[in-house]
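Have the structure open as you read.

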Amino acid sequence: RLERALDRLVRRHAILRTAFREFEGEPMQRAEAALRVPVDFVDARSFDEAELYEHVEHARERAFDCSVAPLMRARLYSTGADECVLLLVFDHLIIDGWSLYKLVQELGEILEEAPPAGSEALDPPRAFFEHVAAQREWLLGKRAQKQLEYWRAALGEGHPGVELTHDFRREVREGNQDRAPIVAVLPAELADALRGFSGRHATTLYIEVTRQTTPTL
């Protein structure tokens, strides 16, 4: 079921079938017409929590060859009779954080449907390049020109540029010194308090609190 669900996910999203290669000195992307993502199965019933974490970290840190699709892999750790840990790893070239949440949600919906092999209950999504092409076509049309004329008349011409300030100048570093993850497990009570705090202030947990600010939970 999991392999069939991943196959459907890959068929629906061309970016999951995409690799990046160099053609005549220029980087280009190429989406394969068809592709499968094999699920690597690991019997982890004898692992303790530390061993499982070590295995997951090792599998997560393995680099991809960006010229060969898929730039994702799946591994299923069987930890008990009715319990598994699923590891999905993606190269950042094909997915970002917000897209990942949506993709995992969609994978869950496909698994809940329990479709027969080859079934495509979900409509194929619109490819991003199709969206870009439609936007470019709209920008060349009469409606876009009418919008442009309206805003030029409303806002006028000759606006000065805005210099955006920044906190500090980042150093140029070579290698992967900034890529090491920092893992911290928060108590459930603190996590709930942080969610409540962000909800009261209509923001998310992905904000940076200045040193001068001490939030009251």
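Arginine 73 puts its charged end over the ring of phenylalanine 64, 4.3 Å from the ring centre. The call requires NZ of Lys or CZ of Arg within 6 Å of the ring centre and within 35 degrees of the ring normal. Bear in mind that this is a predicted model: local features need pLDDT of at least 70, side-chain atom pairs count only at pLDDT 80 or more, and totals for chains, interfaces and linings use all residues. Residues are numbered from 1 along each chain as its sequence is written, and side-chain values use heavy atoms, with hydrogens and water left out.

Now for ring against ring. Searching the whole structure turns up two aromatic pairs, where Phe, Tyr and Trp (six-membered ring) centres must lie within 6.5 Å, and planes under 30 degrees apart are stacked, over 60 edge-to-face, the rest tilted.

| Pair | Centre distance | Plane angle | Type |
|---|---|---|---|
| tryptophan 98 and tyrosine 101 | 5.7 Å | 85 degrees | edge-to-face |
| tyrosine 150 and tryptophan 151 | 5.0 Å | 80 degrees | edge-to-face |

Tryptophan 98 and tyrosine 101 both belong to helix α3 (residues 97-113), three residues apart, or about one turn. Tryptophan 98 is exposed at 60% relative accessible area, while tyrosine 101 is partly exposed at 45%. The cut-offs are under 20% for buried, over 50% for exposed and partly exposed in between, with a 1.4 Å probe and protein chains only. Tryptophan 151 is partly exposed, at 45%.

Helices here are DSSP runs of H or I, at least four residues, numbered from the N terminus. After α5 comes glycine 156, with a positive phi near 80 degrees.

Key: Helix = DSSP H or I, 4+ residues; strand = E, 2+ residues; numbered from the N terminus.
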